[in-house]
Amino acid sequence: MAEQRERLIEGLRAYGGHFTELSRLFADWLGLHSTDAVALLEVAAAEERGTPLSPARLSERILLSPSATTALLNRLEQAGHIIRSREHTDRRVITLRSSAYVQERADEFFRPLGVRLDAVMAGHPPELLAAFETLLAELGTSMDAYITERSEGRREG
């Protein structure tokens, strides 16, 4: 079991490395600093999940201070990559959305990869993919809990 866990974790780590490299390539393609592109991808992914980010939540996700996040958002907004809006009933809450331009560019960049990933997944039975989805969700939940425990322990210690 331990050897299989190590192989699986190594595969996931390598996949994460590929995702990081894709983020860097996307940044280069858009002419952005990698941190700006990571932030932009976070904003777009949250939108796709139906849970758009606030600046504070983005700051937490990309590990930047609030002031650094504000500067980053100013750059992205001035470049036409994001839109800040006040959609919440509490008008103080700002919602971040990607612009139509960025959505088009992201589709252009990532669509060929999506086709390749779809082809790989089509070669596997739906039950296996469902089991893998469940496993990934459970691994993520376990890691989130561990991160929370470690973070709270660091603050207390």
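Arginine 24 is partly exposed, with 35% of relative accessible area (buried means under 20%, exposed over 50%, and partly exposed in between, with a 1.4 Å probe and protein chains only). This residue belongs to a predicted model, in which local features need pLDDT of at least 70, side-chain atom pairs count only at pLDDT 80 or more, and totals for chains, interfaces and linings use all residues. Residues are numbered from 1 along each chain as its sequence is written, and side-chain values use heavy atoms, with hydrogens and water left out.

Arginine 24 forms a salt bridge with glutamate 21, and the closest N and O atoms of the two are 2.5 Å apart. A salt bridge here is a side-chain nitrogen of Lys or Arg within 4 Å of a carboxyl oxygen of Asp or Glu. Glutamate 21 is likewise partly exposed, at a relative accessible area of 36%. Both residues lie in helix 1, three residues apart, about one turn of the helix. Helices (H or I, at least four residues) and strands (E, at least two) are DSSP runs, numbered from the N terminus.

A second pair, arginine 57 and glutamate 60, is joined by a salt bridge with its closest N and O atoms 2.9 Å apart. Because arginine 57 and glutamate 60 are three residues apart in helix 3, about one helical turn separates them. Arginine 57 is partly exposed, with a relative accessible area of 37%, whereas glutamate 60 is exposed at 51%.

Arginine 97 counts as partly exposed at 27% relative accessibility, while glutamate 47 counts as buried at 18%. In the whole structure, the search finds 10 salt bridges. In general, side chains of opposite charge can pair when their charged atoms come close.

These elements may now be placed in the chain as a whole. The protein chain has six helices and two strands, and along the sequence they follow the pattern α-α-α-α-β-β-α-α. The C-alpha atoms fill a box of roughly 50 × 45 × 30 Å, taken along the principal axes. Of the 157 residues in the chain, 22% are buried.

How do helix 1 and helix 5 cross, and what is the angle between their axes? The axes of helix 1 (residues 2–30) and helix 5 (residues 100–122) come within 11 Å and cross at roughly 140°. Axes are lines fitted to C-alpha atoms, for helices over the stretch in contact, and angles run from 0 to 180 degrees between N-to-C directions. Helix 1 and helix 5 are therefore oblique to each other; angles under 35 degrees count as roughly parallel, over 145 as roughly antiparallel, 65 to 115 as roughly perpendicular and the rest as oblique. Helix 1 passes helix 5 in a right-handed crossing, where a crossing is right-handed if the near helix is turned clockwise from the far one by less than a right angle, and left-handed if anticlockwise.

Leucine 63 sits in the loop between helix 3 (55–62) and helix 4 (66–78). Its phi is near 60°, a positive value in a residue other than glycine. Most residues other than glycine have a negative phi. Leucine 63 counts as exposed, at 76% relative accessibility.

The surface also carries a nonpolar patch of about 290 Å², made by Leu8, Phe132, Leu135 and Leu136. Patches are made of residues with over 30% relative accessible area and no salt bridge, like charges being joined within 9 Å and nonpolar side chains (Val, Leu, Ile, Met, Phe, Trp, Tyr) within 5 Å. Helix 6 (residues 126–156) gives the most to the nonpolar patch, with three residues. Phenylalanine 132 is located in helix 6 and is partly exposed, with a relative accessible area of 38%.

Leucine 139 is also found in helix 6 and counts as partly exposed at 25% relative accessibility. The C-alpha atoms of leucine 139 and isoleucine 9 are separated by 9.8 Å, although the two residues are 130 residues apart along the chain. Threonine 141, in helix 6, counts as exposed at 54% relative accessibility. Threonine 141 and aspartate 90 are 51 residues apart in sequence and 30 Å apart in space, C-alpha to C-alpha.

Note on methods: Areas by Shrake-Rupley, 256 points an atom, 1.4 Å probe, with all protein chains shown as cover.
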